[in-house]
Amino acid sequence: MMSMRKILLALVLALSAPPAVFAAPVYPVLDESNARLMTISTHAGSTHQRLTLSLDKAAVVQLDADAHDVLVSNPDLVDAVVRTPRRIFLLATKVGQTNAFFFDAQGKQILTLDIRVEKDVVDLSGLMKASFPNSAILVQALNDNVVLTGSVSSALESTRAADLASRFTGDPKKVINMIGIAGGQQVMLKVRIAEMDRNIAKQFGVNLAGAKIVGGSTPIAVSTSNQFNLVGQALSDLSGAQAGQVCNTASLALNPLGALNGGGVCNLQNNVQGQLKALERVGLVHMLAEPNLTAVSGETAKFLAGGEFPVPASRDRDGNVTIQFKQFGVGLSFTPVVVAPGRISLQLSSEVSELSNTGSFTLSGGSSTSGLTIPALTVRRTATTIELPSGGSFAVAGLMQHNTKQVIDGFPGVKDLPVLGALFRSRDFADDTTELVVLVSAYLVEPTSEAALSVPTDGFIAPSDPETILLGRLNATYKKKDEKPMSPQASAPVGFVVR
């Protein structure tokens with residue numbers, strides 16, 4: 001009886017309870033007007049196609065047959081929403097690859113889609129076309145990366161396009177730059193380095209000497225000997241003139257009676273002696289270098305016409321002196337960058353140096369070793385960055401150094417007398433003028449054939465022994481053009497020609 005009551009109570013409660021509410025599936029909100037529409041015919045049987053979706057974008061698959069089931073192998077990448085049996089929405093939610101299978105009511109497979117989800121690069125592609133209207137840049141997505149292909153006119157545009165794509169992706173490592181350069185990328189630099197160094201030295205001095213025997217035995221000697229302080233002595237003791245001859249002070253001090261008696265160390269011939277020293281020296285140094293260098297855009301080319309000299313650097317563990325070599329001469333280094341068609345940016349540095357005793361290091365030797373002298377360098381150096389068109393020229397630097405030195409030595413007080421003061425003073429004058437000019441011309445170049453080029457050795461023939469011995473010739477002579485020596489021909493075009 002109690003069990004029957006419990007059964008009736010449970011039945012009443014079940015009938016009086018409110019009906020259960022089942023939640024309807026929630027589908028993502030899709031904008032069908034902006035979704036990509038694919039119309040696929042399945043009458044021919046099972047169809048296999050490929051589909052590329054942009055991240056966070058949707059595609060509408062329109063079928064001509066009813067699809068009962070849709071299976072996506074990786075729902076994390078693509079979400080499938082069946083609105084009607086013939087209209088299915090595919091929403092890309094994550095970058096990657098997956099596939100989707102469509103079945104009819106009988107379980108027969110009617111469609112297979114291989115789906116690849118990539119980033120949407122439409123906006124980046126439009127920005128590339130707007131930023132580089134004269135270039136052909138193609139933007140493609142590969143998994144989570146951006147691939148840039150096509151061609152541009154200069155390396156600078158390629159770098160700017162890669163930088164723009166890296167800002168779009170947020171990571172420069174996800175940008176693959178495969179852009180080609182359509183314009184010429186080889187730059188030839190024609191440089192003229194000219195230096196003129198003029199040295200002028202003038203020396204003029206008068207030295208007087210007088211001697212007399214006073215009181216029969218007392219010698220009196222007076223003399224002046226003014227030095228040329230710029231070099232410490234006369235440039236040439238052989239230049240000048242002399243009037244009279246007297247004994248010097250040392251001779252009179254050694255044997256004053258000998259001068260009186262006309263014998264001994266000093267024979268007094270005149271009471272007054274005058275000596276004039278005069279010299280003018282003019283020196284001229286002319287240095288010229290004209291190197292032609294060719295380099296690819298972005299690479300560095302170097303040139304040196306000079307040499308290297310050894311400089312002791314340190315000692316090793318055995319006490320041996322280690323040597324380092326320092327370069328000197330005419331040096332040039334440049335790095336070209338083609339920034340636009342016919343426009344070249346140059347980073348240029350040039351140097352003209354020579355060995356000099358000024359500032360050199362001298363180490364005196366011991367009793368059994370000789371001394372060591374390390375020369376110094378006189379350097380004229382310049383560095384700059386400029387931009388110019390192909391074929392344009394400019395002067396990098398005109399460096400002018402003008403040093404003038406003048407020293408006057410004389411007897412105090414007497415040297416300041418008018419007219420007569422010139423007899424008691426000497427003048428030492430030096431003038432050094434240096435001028436350096438570097439002229440640079442840049443050209444975009446392309447290869448040419450060897451036949452269009454020539455070298456200084458073209459046409460040279462070594463003479464025979466009879467021609468050298470009997471005729472004194474250093475090279476053979478010929479008249480006909482066909483007698484010139486044959487030069488080897490390259491199997492491929494080589495060299496460069498100015499464009």
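Q: Does aspartate 120 count as buried, partly exposed or exposed?

A: Please note first that this is a predicted model. Burial is judged by relative accessible area, where under 20% is buried and over 50% is exposed. Aspartate 120 has 21% relative accessibility, so it counts as partly exposed.

Q: With which residue does aspartate 120 form a salt bridge?

A: A salt bridge joins a side-chain nitrogen of Lys or Arg to a carboxyl oxygen of Asp or Glu. Here the partner of aspartate 120 is lysine 57, and their closest N and O atoms are 2.8 Å apart. Lysine 57 counts as partly exposed because its relative accessibility is 41%.

Q: How many salt bridges are there by this rule?

A: The count comes to 7. One of them joins glutamate 351 to arginine 381, with the closest N and O atoms 2.8 Å apart. Glutamate 351 is in strand E20 and arginine 381 in strand E21 (residues 372–389), so this pair ties together parts that are 30 residues apart in sequence. Glutamate 351 is partly exposed, at 24%, whereas arginine 381 is exposed, at 56%.

Q: Which residue forms a salt bridge with arginine 380?

A: That residue is glutamate 354, and the closest N and O atoms of the pair are 3.8 Å apart. The pair links distant parts of the chain, 26 residues apart, with arginine 380 in strand E21 and glutamate 354 in strand E20. Arginine 380 is buried, with a relative accessible area of 10%, but glutamate 354 is partly exposed, at 30%.

Q: Is proline 312 buried, partly exposed or exposed?

A: Proline 312 has 31% relative accessibility, so it counts as partly exposed. Its place is in strand E18 (residues 301–315). Beyond its neighbours up to four places away in sequence, proline 312 touches Val321, Thr322, Ile323, Leu372 and Ile374. Its C-alpha atom is separated by 8.7 Å from that of phenylalanine 325, which is 13 residues away along the chain.

Q: What is the order of the strands in the open sheet that contains E1?

A: The order here is E1-E3-E6-E5, in a sheet of 4 strands with mixed pairing. Its edge strands are E1 (36–40) and E5 (78–84), each of which pairs on one side only. Ignoring direction, neighbouring strands are turned by 20° against each other on average. E5 and strand E6 (residues 87–92) run antiparallel and are joined by 6 bridges. Valine 82 has isoleucine 88, in E6, as its bridge partner.

Q: Which residues of helix H3 are buried?

A: They are Glu157, Ser158, Ala161, Ala162, Ala165, Ser166 and Thr169. What covers them includes helix H2 (122–131) and strand E9 (136–142). H3 (residues 155–169) has 15 residues and reaches 21 Å from first C-alpha to last, close to the 21 Å expected. Just after H3, glycine 170 takes a positive phi of about 85°.

Q: How many residues does the largest nonpolar core have?

A: It has 24 residues, and those with the most contacts inside it are Leu189, Phe334, Leu346, Leu348 and Val440. E23 gives the largest share, 5 residues.

Terms used. Residues numbered from 1 in each chain as written. Predicted model: local features only at pLDDT ≥ 70, side-chain atom pairs only at ≥ 80, totals over all residues. Heavy atoms only, no water. Pairing = 2+ DSSP bridges. Helix = DSSP H or I, 4+ residues; strand = E, 2+ residues; numbered from the N terminus. Axes fitted to C-alpha atoms, helices over the stretch in contact; angles between N-to-C directions. Buried < 20%, exposed > 50% of the residue type's maximum accessible area, 1.4 Å probe, protein only. Contact = heavy atoms within 4.5 Å. Expected span 1.5 Å × (residues − 1). Core = buried A, V, L, I, M, F, W, Y, C linked by side-chain atoms within 4.5 Å. Salt bridge = Lys/Arg side-chain N within 4 Å of Asp/Glu carboxyl O.
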